[in-house]
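Hi everyone, thanks for coming. I'd like to walk you through one model today, so please have a look at the sequence and the structure on the screen.

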Amino acid sequence: MIRIRPYIASDEKQVLSWCDSEDTFYKWTAGTLGAYPITPDKFAKMSDMMRFTAIDGDDAVGFFTTRNPNGATDELRMGYVLVDPNRRSAGVGKAMLRLGLWFAFELYQATRVTLVVFEDNVSARACYAAIGFAQTGKRETYVIDGEERHCLELGVTRPA
């Protein structure tokens, strides 16, 4: 059974091991943490965000962050979503993010949760859509290795 808990420092080695390729690194970070590969120093740049680790039993199986975009208190932005490569396509991402939405809506009392995903990341887009995220009409562009990469903003509002 997947659960989430606040990230703890001892999770770092496991989480960073999942970022085992340049493609995974850029899908995970959109280049916001610098160039590949991931390092503990780059990862530490996330320390001002609310970080969560998904666990199954005692094993870490996923990671994501939340933050308040533009200081908004009624909205959370999820990001840096990453699942253990050995657990992908097994429902871990959906379960983890459903729990993240529960945190956002029930505990944090957010009215809206957003995230961004690369347009060409078909599997991630399907995961997000399956738990209720829909396109907001906003787009973001990141430059990675001199190439523009386009992301779609997805959002979900608090259920009535």
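**A buried threonine, a sheet and some rings**

Let's start with threonine 24, which counts as buried because its relative accessibility is 12%; buried means under 20% relative accessible area, exposed over 50% and partly exposed in between, with a 1.4 Å probe and protein chains only. Before I go on, this is a predicted model, where local features need pLDDT of at least 70 and side-chain atom pairs count only at pLDDT 80 or more, while totals for chains, interfaces and linings use all residues. Residues are numbered from 1 along each chain as its sequence is written, and side-chain values use heavy atoms, with hydrogens and water left out.

Threonine 24 lies in helix α2; helices (H or I, at least four residues) and strands (E, at least two) are DSSP runs, numbered from the N terminus. What does threonine 24 contact, leaving aside its neighbours within four places in sequence? The answer is Trp18, Cys19, Leu82 and Arg88, where contact means heavy atoms within 4.5 Å.

Now the sheet. Seven strands form an open sheet, with mixed pairing, in the order β1-β2-β3-β4-β5-β7-β6; two strands pair if DSSP finds at least two bridges between them. At the edges are β1 (2–6) and β6 (134–144), each pairing on one side only. β1 runs antiparallel to β2 (residues 50–56), and five bridges join the two. Within that pairing, isoleucine 4 stands opposite alanine 54 in β2.

On to the rings. Rings of Phe, Tyr and Trp (its six-membered ring) pair if their centres lie within 6.5 Å; planes under 30 degrees apart count as stacked, over 60 as edge-to-face and the rest as tilted. How many aromatic pairs does this rule give? The count comes to 13. Take tryptophan 28 and phenylalanine 63: their ring centres are 6.2 Å apart and their planes at 75 degrees, so the pair is edge-to-face. This pair links distant parts of the chain, from tryptophan 28 in helix α2 (residues 22–29) to phenylalanine 63 in strand β3 (residues 59–67), 35 residues apart. Tryptophan 28 and phenylalanine 63 are both buried. Tryptophan 28 also pairs with tyrosine 80, with centres 6.2 Å apart and planes at 85 degrees, so this pair is edge-to-face as well. Tyrosine 80 is buried too. Together, ring pairs link Tyr7, Trp28, Phe43, Phe63 and Tyr80 into a cluster.
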